[in-house]
Amino acid sequence: MSKQDDHHRGSGIAKPGKVKEVTSLTNPIVKDLRSLALKKFRDQQGVFLAEGLKLVIDALDLGWTIKTLVYSKAGKGNSLVEQVAARTVAKGGDVLEVNEKIISAITRRDNPQMVVGVFQQNLQTLTNIRPQGNDVFVALDRVRDPGNLGTIIRTADAAGAKGIILIGDTTDPFSLETVRATMGSVFAVPLVRATESEFLSWRKGFSGLIVGTHLKGSVDYRTIPYANKPVVLLMGNEQQGLPEQLASTCDRLARIPQQGRADSLNLAIATGVMLFEIRRDALKLDTIN
């Protein structure tokens, strides 16, 4: 995908983008867009795909940088699609009008959405994360499943968490599967990547409460006083849970009581249960729009 200048040198004014019609799967632009299904190419270009008109509008409203907007001919004449196209061009992004076959190839779906946006990746740095008050962050160690990660990002957004720290070899938050599962929350929840050693070093300067879930946890998660302090909820890998170094850095190791034949909860479900308990005092029905 060709690089484009986001701004005139020194002016801060975006160069207008271009509008093109693309009809062939062998077009180099289409090949570049299809390559974004692979992490290697997403990382090389620092971009990712987001499907759906609502997601694209949400991302633009939240200030994310759009590089390319792709829409199917079925969207032509749709006032919202045309508004998004105009916004993309004004911000220096390119707009591609394509057929449904091309959108299916880009998204790897048989029934694709009629709009796809290519956005610049945005990761925060751990040193800039300074929880205060009753802020809640989720730290995830080596989460492997894109669906789990996407659901956790969406749940963290719903619970009012301030961000997610991705520790170690956690799956890519900008993969097609993860972005789909977030239902747009990937644009609303700050994401941070860190190694285990970076997280442990950062933890030394954190004066709040770090709570991890662990099968050896002796504390019922409902009995921990979470209010009036910043909290980091530390969740482990789907198969192995928290490694010893991360478990030992927790102030509390909690367990969710269970009954029945299942011996464990899905990671995203367990994270949701913990998050809404931690945020119990902060969440009121009258604050919901």
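**Strands, helices and cores in a predicted model**

Q: In which sense do strand 9 and strand 11 pair, parallel or antiparallel?
A: In this predicted model, strand 9 covers residues 209-213 and is joined to strand 11 over 4 bridges. Within this pair, G212 stands opposite L234 of strand 11. The sense of the pairing is parallel.

Q: Which residue of strand 11 is the bridge partner of V136?
A: Strand 11 also pairs with strand 6, in the parallel sense and over 5 bridges. Strand 6 spans residues 136-141. The partner of V136 in strand 11 is V231.

Q: What is the relative accessible area of D141, and is D141 buried or exposed?
A: D141 belongs to strand 6. Leaving out residues up to four places away in sequence, its contacts include M235, G236, N237 and G241, as well as I167 and T170. Buried means under 20% relative accessible area. D141 is buried, at 1%.

Q: Which strands stand at the edges of the open sheet of 5 strands?
A: The order in this sheet is 1-4-3-5-2, and the pairing is mixed. Two of the strands each have a single partner strand, so one side of each is left without a neighbour in the sheet. From one strand to the next the twist averages 20°. The edge strands are strand 1 (19-21) and strand 2 (47-51).

Q: What angle does the direction of helix 5 make with that of strand 3?
A: Helix 5 comprises residues 100-107 and packs on the sheet. It touches strand 2, strand 3, strand 4 and strand 5. The angle between its direction and that of strand 3 is about 130°.

Q: How many residues of helix 5 are buried?
A: The buried residues are I102, I103, S104, A105, I106 and T107. Their cover includes helix 1 (28-35) and helix 7 (176-182), along with strands 2, 3, 4 and 5. Helix 5 is largely enclosed by the rest of the structure, because the buried count is 6 of 8.

Q: Which residues of the largest nonpolar core touch the most other members?
A: This core has 54 residues. Y226 is one of the residues asked for, and apart from neighbours within four places in sequence it is in contact with L209, V211, Y221, V231, M274, E277 and I278. A second, separate core has 19 residues, including A139, I165, I167 and V232. In the largest core, the residues that touch the most other members are F119, L140, I164, F187 and Y226.

Q: Which residues lie nearest the centre of the largest pocket?
A: The largest pocket holds about 560 Å³ of space and is lined by 22 residues. Strand 12 (252-255) and helix 10 (267-278) are the elements that give two or more residues to this lining. Nearest the centre lie T213, L215, G241, S264 and L265.

Note on methods: Residues are numbered from 1 along each chain as its sequence is written. This is a predicted model: local features need pLDDT of at least 70, side-chain atom pairs count only at pLDDT 80 or more; totals for chains, interfaces and linings use all residues. Side-chain values use heavy atoms; hydrogens and water are left out. Two strands pair if DSSP finds at least two bridges between them. Axes are lines fitted to C-alpha atoms, for helices over the stretch in contact, and angles run from 0 to 180 degrees between N-to-C directions. Contact means heavy atoms within 4.5 Å. A nonpolar core is a set of buried Ala, Val, Leu, Ile, Met, Phe, Trp, Tyr and Cys residues joined through side-chain atoms within 4.5 Å. Buried means under 20% relative accessible area, exposed over 50%, partly exposed in between (1.4 Å probe, protein chains only). On a 1 Å grid over the protein atoms alone, a cavity is a set of points where a 1.4 Å probe fits but cannot get out, and a pocket is an open set with protein on both sides within 12 Å along at least five of seven lines; lining residues have an atom within 4 Å of a point. Grid points are joined across faces, edges and corners, and a volume is the space filled by probe spheres set on the points.
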